[in-house]
Amino acid sequence: MTSSPGVVILSNMKAVPLLHRRVVVAPDAFVEAVVWQVPEPVSPSMHDFKYRLAYVVGGRCVLRYDNERGKGDHRHTETVEEDYEFTTPEQLMADFQADIKRWNHENGRS
């Protein structure tokens, strides 16, 4: 069996880490962001990224965005889990940052 020049099959490709960062934003708070590019979508997500973003304050995760097999893209607040419409990694980060800003404002941490 042959393939055309320029055609590559990477059936054993592993996840590629794109971002793994923890940033302390206050003495009692940090943001952790982890993003991988995966060889195939994490079903039912339709994109090739696996991610978890967390905002932790006082030892509690008060905001989290992630995607997991069976659930897809979603976000957690302290009391609610809801679907999240993923478009791009850049928009994901912008939405997460906006939620952090909103949470801080609502909780007197501005």
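Author: Happy to! Let's start with Glu 106, which counts as exposed at 52% relative accessibility. Its side chain meets that of Arg 102 in a salt bridge, with 3.1 Å from N to O. Arg 102 is partly exposed, its relative accessible area being 32%. Both residues sit in helix H1, four residues apart, so about one helical turn separates them.

Please keep in mind that this is a predicted model. The chain has a mean pLDDT of 89, with 88% of residues at 70 or more. Residues 1-10 fall below 50, and that stretch has zero contacts in the model beyond near neighbours in sequence.

Within it, Asp 99 pairs with Arg 75, their closest N and O atoms lying 2.7 Å apart. Because Asp 99 is in helix H1 and Arg 75 in strand E5 (residues 72-77), this pair ties together parts 24 residues apart in sequence. Both Asp 99 and Arg 75 are buried.

Tyr 65 touches both of these partners, and its other contacts include Leu 92 and Phe 96. Tyr 65, Leu 92 and Phe 96 are also among the residues with the most contacts inside the largest nonpolar core, which has 19 residues. Helix H1 (89-106) and strands E2, E3 and E4 each give two or more residues to this core, and E3 gives the most, with five.

In total, the model has nine salt bridges.

Notes. Residues are numbered from 1 along each chain as its sequence is written. This is a predicted model: local features need pLDDT of at least 70, side-chain atom pairs count only at pLDDT 80 or more; totals for chains, interfaces and linings use all residues. Side-chain values use heavy atoms; hydrogens and water are left out. pLDDT is the predictor's confidence in each residue, from 0 to 100. Contact means heavy atoms within 4.5 Å. A nonpolar core is a set of buried Ala, Val, Leu, Ile, Met, Phe, Trp, Tyr and Cys residues joined through side-chain atoms within 4.5 Å. Buried means under 20% relative accessible area, exposed over 50%, partly exposed in between (1.4 Å probe, protein chains only). A salt bridge is a side-chain nitrogen of Lys or Arg within 4 Å of a carboxyl oxygen of Asp or Glu. Lists of a residue's contacts leave out its neighbours within four places in sequence.
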